Every structure is written in structure tokens, then in C-alpha cells.
There are 2 protein chains.
Amino acid sequence: MDDFRKYIADIKDKLFKYQTEKRSKTYLALNENPYPFPEKLIEEVYKLIDPYKIPTYYDSPDEELLNLLLEYINSDKLSVKNLSIGNGADEIIYYLLLMFKEMKVTIFPPTYSCYKLFAKDIGSKVISIPLKEEKIPINEIENLLNVDSIVFIPNPNNPTGHFFEDEEIEFLLNTGALVIIDEAYYEFGKRSYIDWIDEYKNLVVIRTFSKAFSLAAQRIGYLVANEDLIDAYNRIRLPFNVDYVSQLFARVALKNLEFFRKRIEEIINEREKMKKELMSLGYKISNSQGNFVFMYLDTDSKEVLTREFEKKKIAIRKFSEGLRITIGTPKQNEMVLRIFMEVKKNENSKN
Amino acid sequence: MDDFRKYIADIKDKLFKYQTEKRSKTYLALNENPYPFPEKLIEEVYKLIDPYKIPTYYDSPDEELLNLLLEYINSDKLSVKNLSIGNGADEIIYYLLLMFKEMKVTIFPPTYSCYKLFAKDIGSKVISIPLKEEKIPINEIENLLNVDSIVFIPNPNNPTGHFFEDEEIEFLLNTGALVIIDEAYYEFGKRSYIDWIDEYKNLVVIRTFSKAFSLAAQRIGYLVANEDLIDAYNRIRLPFNVDYVSQLFARVALKNLEFFRKRIEEIINEREKMKKELMSLGYKISNSQGNFVFMYLDTDSKEVLTREFEKKKIAIRKFSEGLRITIGTPKQNEMVLRIFMEVKKNENSKN
């Protein structure tokens, strides 16, 4: 017989306490979009708000959002029955873990941290197989993955930003494991596996409005999969998981694709410029297809750079393998590059 | 070794598929507020939206909402550390069940259906002890409740709307069980146990913006409890569970309390009028302190009434014990009353 206090103590002991950082002027640590959600589109949302809908338990997702999403994913083999939404992509990850909590979770670090964090919350078994030079180590996992496995794989990968190859994804799918491809950064690299869903019943694709559409604060993610899995997801999630006005934000974003496409191109251009400059400075960078760059660094260089960024009050994200820096505005990116150039200059003058 | 399809089949087999009903013109089935969220206040929310906050991972809850909530609950013994928020009160219920999933859940039907539904989703053991003439059957549960129990109790009760007595709440708390008082309808009856939280570490109070503040579509609930429990709740929930604009809606509601208080008084007046009229017609009603009325009915009368409401396209909620009808606008309430009067007239003419 256990008092509730024991469970509270257990939770405090085991679960990570997420706390948002105090924001420095230049915050490039969370792969947020550097551009505001435009005032004109906020006005468009405002005009759509029906005061009589706000007091009601409003459909999540509503029909119009589903239809716009279907149009956006642009796959002639899928229907709205292959789609559902979540309170951010994170909630979708959480519920998928909950749905398949008896299955063993396989991840390939460096990878998105929440797969492991949430799996621990839920009590699932997690197997971590590190990538080998950005490749899934197929030889090591041949006997490990099977129909009892659930695999999470961000594509492009987070934090490195590189794409996995079709052959690697195919290998994972052919083990019979349930493969969750997290396409949170899809719009910055434009390669998707949604078209494979019709063929592979064990494939789930997750996407989000947080990155390309500047909507992280509004918490809207979606998932695409076979009808049965979507039906089960809709049973396990809370019925009203995404609120009315957030759905309006998503709808307005999807009705203004041209506007966002231009912005996305700007971010892609800045990323490619940044990658080129970092390479020419001699950094080992990954071929990022996200709205961020990643450089592999030994511990010493990592520490030197981290200190410099802290001095200049620029928040970036440190990993054991290196540093990840979000692509910001051109001005912010220039500040970032200047730090790298100065550090290299100092290094060279010492040698 | 089990294929993911087995878990999907299990979920489809076990879990309820929530589907929103097609809405009839007069929808009095979900205890929604009949009044819109006012256009003036939507404009106030609109003006508060900072386009540069929308692309960011925004604090849930933010400091201003916490402070406004603290002021609203008006308890000098509590601080913001005793407060957190959820994506609707439902999400709070879900996470509390998840936090204490090893404990046995006790409910007293007729009660809010989601306690049992969510507990089943999570796999917790549920014990149902029916109320006896609206009282908690203390003799029956003396040896049942202990520190290993978690008790859910809506106050005012849903669907009946009656208040439990201090002695009943005290009895529950003194068993050592974790007692969750769901004050979703607090504003319509104005009796709260928040002031007991300082004394009872095993007491949690849940509230919502869905009912009194006309904000069901925006999904904002909050909970009040001892600091340790709130800290554990904040670890188990997703870090950004309530989005930015929904928090602005809650803030604007709390800054316009006088406006909402007038509306709440109107709903209370309509409820009291409805109760009086139903009683004078000879119906056995509960002393509802929510934004709804409940009448106890035998199966035959219930069926006759249900058919009449269906004919008039008014959606109400049927329970095994009777019918629950949300208080609507004065015009809607008159339509409701007219149906009861006609049914009684027909009954009397037959006798």
C-alpha cells in the first residue's frame, strides 16, 4: 500500500523538469522560425473567429483543416482518414508511444531528445543505436528490429540535419517495425515519405506547423498513416486536443502558402550560405536540410566556441557530438559567422 | 512477439470513439455557455497578440496568467507554486490519472463520465460506488478508501448539480485518499474547497474556463494543489500544453470579471426559475448549482420526454437516472419548459 506521496517522489526523481531558458537577445537554440507570424495573417485569423464557436466543444480537427491538410500533403492515394492532428508534434509522439507502450523503442542518436524523454515518462524500453557517420548501422540492427519494435527517425535528422537515404528507410520498413518518420523540418529540405504510406502499413509520418509556418506557440502538429492507426490514435488522444483558434491559424497558414514558401526559400538560402562559409573556415559540418546548421567538434573546440557564444549573448544548442545553431535573420547569421571567424583567427595565430 | 497491428486492434476494441454530434439548432447537451465570447474581448485578445511570440516555444503557463489566476482564486495561503494549467480540465484529469496510475480510482456515479473513460484508457482499476440519495455512502466505503486510493468528485456534482456537504468531503480527505475535487461549475454555485488545500496535502482542486467564461473551444483548465504535486504534474505533462493565444484568452477573461459575473448571475437566475417551474410541474429535480438542471425520471417518462425533445430538435443528455439539460438563453429555456408543460398536460389528460 503506497501513499500518493511516493508516486510524487518517484516522478520528481525520474522525470526531467522542463524549464524555458531566460531568452537572450539572439535565441538560436530551439530551431524556431526567425520571422514573426505576419500581422496581416493574424488579422485574417481574427476575422475568421466566430464568437459563437468559442463557448463550444469544437471539432479537433475540423473538416476544413483536414481538407486543407490533404491538399497540402498532395498525395493522390490518401484521404482525410489518413490524417489527424496533435497539440504540437510532441503530443503526437507522446500518444504514439502510449499506444505502443509494450513495444521496444529504437532510436539512433544523435536524434531528437523527446523520443527518449517521453518513452521514459511512459515507462517503455528504449534501445539507442548510435549512427555511424550519419548512417543507420544496418549490420548491428538486423537481428534487433522486428514487428515488436517502434523506430523513431527524424528526417532530416535533428540535430545534424542530414537526410537518410531511401535504402535506409526501406531497410527499417522491411524489418516489420513500426517506423515513425518525423518530418518536422520537411519544408526546408522538401523530401517526404508520405507517398510511401499507401504501400507500407507500418509507416507513420509526423509534421508540424511550428517551424516552416512560424507557429510554435500555437501547438499544431499532424500525422499521416494508414486508416487503422489514425482511428486508434483518435481514440487514445483527448477529443479536443487542438483548440479552435489554433486551427484557424493553421488554416490561414495553408491558405497563404506562397507567402511562406518565399520565406522558406530565404531561410534555405541563408542556411546554404552559412554551410559554405563554415566549410571554407574548415569546420566539419553536416549537410543540413533543416532550418539549422550542425558542426562536429572535439570537446576543446566546442568549449571555446560555447564560451564565445555565451559572451555575445547568443543562445545555441550543445550536443556531445558538436553544436547546433538555428538559422536566424541575415543579421543574426552574420553575428554567428563573425564569432566563428574570430575563433578561427585566434586558433591560427596560436599555431 | 506482437505486431503493432495487435495494439491497434486492442485500442479499437477497448477505447471509445468520441465523435461530436451533428449540432441541432438548440444544443443543450454539453453544458456549454449559451453566450458568445464577446467581440469586444476577442478584439482585446487580438490587440495583445505579439507576432514575434507566435514563432516561439511559449511558456505554459506564462507569469501573467499565473498571477491573474492567483488573484482570482483569492486564497492568502497559496502562491503561484500551487497552480498549473492544462489543455482543458480533461487533460488535467488525464495526467492526474497517469501520475497515480498504480492507485485505485474511486468514483461515485452518477458522475462525470471522463474519470472512468480515461482511467480505462490508462489501465487503472476503477471502483464505482453509486451515490445514495445524492450522498456518498460512507458506511460502504469506510474500509475501501485509504492512502492507496484516488477519488474523483465533481462539486457541484455532474450530472445532478448538487453540492456535497463539508462533512462528506472531510470524510474522504480523512481516509488519506488523494481527493480530486472537480470544480468545473464553481462559478454557478460559488462554493470552493481551494481554501482547504493549505491544510490537506491530499486535496487537488480542478477548474476550467470552459463554462463560466465561454471558452470551451480554447481548452484552458487549471489545478490547485500542494507544491509537490504541482511540481510532479509539471514534469509529467508536455511542457507547452496550453498555447499562447489561448492563454491570452484566459488573461482577458480574468481582466473582465465584472462582465462575466453579470452573465453568470443571469444563468443562475434562469436555472433557479427553471428549477422552480419544473418542481411546480411535479418533477423530482436535484438542487443544481451548475449551469444545468437534472431531473430524476423513471424509464417511461424519460423515453417520452426524450422523444419530445428529439422532435423539437433540442439536444439534451440522457442518463440512466434521468435527464440533464443545460441552461440556455431565456428563449431556449422557454422552449424547454414548454415541452415539459405539454408532456405533463398530456399525462394528466390520460389519467
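This is a predicted model: local features need pLDDT of at least 70, side-chain atom pairs count only at pLDDT 80 or more; totals for chains, interfaces and linings use all residues.
Mentor: Local features need pLDDT of at least 70 and side-chain atom pairs count only at pLDDT 80 or more, while totals for chains, interfaces and linings use all residues. Residues are numbered from 1 along each chain as its sequence is written, and chains are lettered from A in the order in which they are written.

Trainee: What makes residues of chain A and chain B count as in contact, and how many do?

Mentor: Two residues are in contact if their C-beta atoms, placed from the backbone, lie within 7 Å. By that rule 70 residues of chain A are in contact with 69 residues of chain B. On the chain A side, the largest share, seven residues, comes from α8(A); helices are DSSP runs of H or I, at least four residues, numbered from the N terminus.

Trainee: Why is α9(B) called mostly covered?

Mentor: A residue is buried if 20 or more other C-beta atoms lie within 10 Å of its own, exposed if 12 or fewer, and partly exposed in between. In α9(B), 10 of its 12 residues are buried, so the helix is mostly covered. Its buried residues, among them B:L248 and B:F249, pack against α9 of chain A together with α2, α3 and α10 of chain B.

Trainee: How do you know where the domains of chain A lie?

Mentor: The bounds come from an automatic or database domain assignment, which gives domain 1 (4–36 + 258–350) and domain 2 (39–257). Their C-alpha centres lie 24 Å apart, and 27 residues of domain 1 are in contact with 23 residues of domain 2.

How values were computed
Helices (H or I, at least four residues) and strands (E, at least two) are DSSP runs, numbered from the N terminus.
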